[in-house]
Amino acid sequence: MSTQPPYQWPAPPPQGYAYGPPPLNGFALASLLVGLLCFPPLGIVFGIVALTQIRKKGERGKVLAVLGLVVSVLLSGVLVLAAERAADTFSARARAMGAAEPYEDVEGELTDIGELAVGTCFNVPGGDLLDENPFVYRIACARVHDAEVTLARALGGSRFPGEEELKQSSAEACWRAQDAYAMDTWALPPYAEMFYFAPSRERWEGGDRLLVCVIGTAEQEQRGSLRKDAGVLAPDQVAFLRAMNAADLALGHAPDAEVDEALEEYRAWAREMDGVLAAESRMLAGASARPRVAGPAGVQRERVEAARQEWRRASEAKTGDGFVRAWDRALAELPVATEKALRGAYGLSTTVPEWLEEPQGDASAGPSVERAAA
């Protein structure tokens, strides 16, 4: 005979019921942790398993499982996009090389272009220095190489300046860098050219701001560094070359438009030429105390002052024809033979470069002494 238990005794639990909350599903927590910290695709699998077990067993952790599943899906998508972008970049470089095996027949150590420093020599597949994203192989300058770095720096600004503006500013910066790196421009071999690698709009927006300027020598076998900067030359040679290189650089600033269409721009350029020649004249005046260079320096200074007069006339010209006539006369006042004699007195190269051997009489076609940009 059964009796009812005293009221203070707890009632027996229903069949199948246990005291306390249901257990936490282990896969739910694993889904979130693996998705965040380890391997998101595996976190997706754990999240699905957790939701299935929670529904069947009545376990806790549905919120964790859902959160882990969402996080794992999102991070898996990020990984896929990153992998696709890396693959596209590599494929584009490989296609640009024009071969399925870009590493063959290139001497040197494969190096990221961002690791190149001033004075570094390197090779590129096929000697193609016009490739925007080349594979770069660093090599000792004593061995045959395609190029030598004259500048490597990050460009400032957060806004992409535009392709044309970036092209002009990069060329200007690289000419200046080359003139500082290989100051005796007449000593450069005729196959040496200026090249640069600047970021595209897409790379700029991705955070790449690197500008790399180089002297390219891929046309012939170049051994040895072309570096001849202020640390190598004598102080008087440095002062002379800085003045001469500044004048050459300014001469390359001629506007691209026809003179009649941009007369005011040409007049401003003539004023710039007068300014750099004034600095050259002052340098030559200081050289008069050095017996070795006094004579040629005096002759060069007379020619410089005569050229300045013509540039001043050009800066005041009222017509395009008047400007061109003054321009012609200004160029004629500075013959190459005079500069050659002065360079010899300074102990510098007297080999006239090809870009100075062209006829100088037709100023209307542009300044004949401008160095061609790559």
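This is a predicted model: local features need pLDDT of at least 70, side-chain atom pairs count only at pLDDT 80 or more; totals for chains, interfaces and linings use all residues.
## Charges on the surface and across the chain

- D256 has a relative accessible area of 79%, so D256 counts as exposed, the cut-off being over 50%.

**A salt bridge between exposed residues**

- E221 and R223 bring their side chains together in a salt bridge, at 3.5 Å from N to O.
- Are these two partners, E221 and R223, buried or exposed? Both E221 and R223 are exposed.

**A salt bridge between distant parts of the chain**

- Another salt bridge joins the side chains of R303 and E333, with 3.6 Å from N to O.
- This pair connects distant parts of the chain, as R303 and E333 are 30 residues apart.
- R303 belongs to helix α8 (residues 291-315), while E333 lies in the loop between α9 (320-332) and α10 (336-345).
- R303 is partly exposed because its relative accessibility is 27%, a value between the limits of 20% for buried and 50% for exposed.
- E333 is also partly exposed, because its relative accessibility is 23%.

- E305 and R308 meet through their side chains in a salt bridge of 3.4 Å, N to O.
- Where do E305 and R308 lie? Both are in helix α8, three residues apart, which is about one turn of the helix.
- E305 has a relative accessibility of 25%, so E305 counts as partly exposed.
- R308, at 16% relative accessibility, falls under the 20% cut-off and therefore counts as buried.
- Which residues are joined with E305 and R308 into one network? D274 and R312 are, through salt bridges that share partners.

**A glycine in helix α10**

- G344 is found in helix α10.
- With a relative accessibility of 36%, G344 counts as partly exposed.
- G344 and V293 are 51 residues apart in sequence, and their C-alpha atoms are 8.9 Å apart in space.

Definitions and conventions. Residues are numbered from 1 along each chain as its sequence is written. Side-chain values use heavy atoms; hydrogens and water are left out. Buried means under 20% relative accessible area, exposed over 50%, partly exposed in between (1.4 Å probe, protein chains only). A salt bridge is a side-chain nitrogen of Lys or Arg within 4 Å of a carboxyl oxygen of Asp or Glu. Helices (H or I, at least four residues) and strands (E, at least two) are DSSP runs, numbered from the N terminus.
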